[in-house]
Amino acid sequence: MTIDDEFKNEIFQKYCHIQEIVYSERLRTLFDECQHYLNLYESLCTQVLGFSKPFLSNKLQIAEAIYYNTLSDYEKKRTNIAYYRGNCSAFSILFKDIIDRFQGFRDETIQESESRKLRGLISKHIGDSLLLINHYQASIGKDQLFNIYLTNNPDFSLYYDTCEQIIFGEANFDDPSDQSEVTPALIRVMIELRLKWSIGISGYIVNQSPGTMSIFIEVYNSFVDEKKVIVDLRFDIVKRIYGWANIYIHTGTRSYSWLTGFAVIILKPFFYGQSHRLSGVRVASLATIYEFWDALKHYFNPSPDKEVDVKILPYKPGFICTDKNYSPIPCRNHYAIYEDVMSKAGSNKAIAEYKMKCIIEEGIQTIGNALHERVRNSYISLREQEIRERAYYLWLQRGTPLWEADCDWYCAIEDDIAYLPKPT
């Protein structure tokens, strides 16, 4: 569709006018100008993209359209009109949010700090909104509509400025909204920590090297697919936003300014949950968490032929999740206790035996089949001679031949557990 030159000039003039007054005019004037720009932009998107209603309202549909997992996914999206429609929609939602915040300001002096940040975001958002249209024109082999220039690489100094701002709190940015340029790095860390902490893990070490997040997410995804873990957001969207932030960090390619704000909106239920902050992730039970730890270790040890050393680093405060009834899960970490006991079993055998007994008594429903079996076998190996002797005695009492006791001596473990006293 051919865009009327007069209308195109009206859009561009409104853009230029807002850029001129964004830091100087009163909020009421700026609010009116922004509202007018948004109305014009909707008409522009209607003409350029060919949709009678260019702005989508479904946030998950928008997120699916605008975020990308890999570079090849990004290149593919840039040839699809859905990517541009999704970005127009995200811009509209974020821009409306800025306008609504302006409406909430009553005392301009008191709100000067926040209004300055919003003014900076306005400048970035409207610039990127026209850049988006130019990118769409290029994707269909047409000339750009607007003579504007914005680099696709962020200013490296922003990262240093942000670091000083976070540490000291008073370092000045040329534009406070520049913080949005470094937000993808923070969003990436937020997602990583939320996923790991939900399952009680700070990190994991594979043969003395940090384990990769990609493998962690692969194992996590399998638990989501099996509905053993429930995330308060479609997990494919979480992965998509994580992939987008990864690409931003590893390639240094600047994305449209609204993608950071929209990611925070989309991720809100993931971080805040339906009932409280822990409930953004729900798991079947404590046993599910230990089952996940086992699955992560098993990923690197699919067969006993070549053992890979995998060490789970627990998140000491507990598990940032709930059960399916939204109740917090007790944070006594049997898995970490077991590994710690095993590392010290030789130096204090009596304490090790007793701690093993305590974990076993918690039961399979609490600690899971795999961990229960491992603790049970370790307990038996620590007390093998005593349990074997007790088994012989029991089998003799029943008139059973000793060779059968030798095959089944571990059946005496329940009696042995009950018998073992607490070490003094």
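This is a predicted model: local features need pLDDT of at least 70, side-chain atom pairs count only at pLDDT 80 or more; totals for chains, interfaces and linings use all residues.

User: How are the axes of H1 and H2 oriented, roughly parallel or roughly antiparallel?

Analyst: H1 spans residues 5–21 and H2 spans residues 27–49. Their axes come within 10 Å and cross at roughly 150°. Angles over 145 degrees count as roughly antiparallel. Therefore H1 is, relative to H2, roughly antiparallel.

User: Which hand does the crossing of H1 and H2 have?

Analyst: The two helices come within 10 Å of each other along their axes. Where H1 passes H2, the crossing is left-handed.

User: How is H13 oriented relative to H16?

Analyst: H13 covers residues 334–344, and H16 covers residues 369–382. The axes come within 11 Å and cross at roughly 25°. Angles under 35 degrees fall in the parallel class. So H13 and H16 are roughly parallel.

User: Which residues of H16 does H13 meet?

Analyst: H13 passes H16 in a left-handed crossing. H13 contributes His 334, Tyr 335, Tyr 338 and Met 342. Their partners in H16 are Leu 371, Arg 374, Val 375 and Ser 378.

User: How many charged residues are in the contact of H12 with H13?

Analyst: H12, residues 286–300, packs on H13 at about 50°, with the axes 10 Å apart. That angle makes H12 oblique to H13. Leu 286, Tyr 290, Trp 293, Asp 294 and Lys 297 of H12 meet His 334, Tyr 335, Ala 336 and Glu 339 of H13. The contact divides into five nonpolar residues, one polar and, as charged residues, three.

User: Which residues form one aromatic cluster?

Analyst: The structure holds 25 aromatic pairs. Tyr 37 and Tyr 41 of H2 also meet H1. One cluster consists of Tyr 37, Tyr 41, Phe 91, Phe 95, Tyr 256 and Trp 258.

User: Over which ring does the charged end of Arg 85 sit?

Analyst: A charge must be within 6 Å of the ring centre to count. Arg 194 lies over the face of Phe 270, at 5.8 Å from the ring centre. For Arg 85, the distance is 4.0 Å, and the ring is that of Phe 51.

Notes: Residues are numbered from 1 along each chain as its sequence is written. Side-chain values use heavy atoms; hydrogens and water are left out. Rings of Phe, Tyr and Trp (its six-membered ring) pair if their centres lie within 6.5 Å; planes under 30 degrees apart count as stacked, over 60 as edge-to-face and the rest as tilted. A charge sits over a ring if NZ of Lys or CZ of Arg is within 6 Å of the ring centre and within 35 degrees of the ring normal. Axes are lines fitted to C-alpha atoms, for helices over the stretch in contact, and angles run from 0 to 180 degrees between N-to-C directions. Helices (H or I, at least four residues) and strands (E, at least two) are DSSP runs, numbered from the N terminus. Angles under 35 degrees count as roughly parallel, over 145 as roughly antiparallel, 65 to 115 as roughly perpendicular and the rest as oblique. A crossing is left-handed if the near helix is turned anticlockwise from the far one by less than a right angle, and right-handed if clockwise. Contact means heavy atoms within 4.5 Å. Ala, Val, Leu, Ile, Met, Phe, Trp, Tyr, Cys and Pro count as nonpolar, Asp, Glu, Lys and Arg as charged, and the others, Gly among them, as polar.
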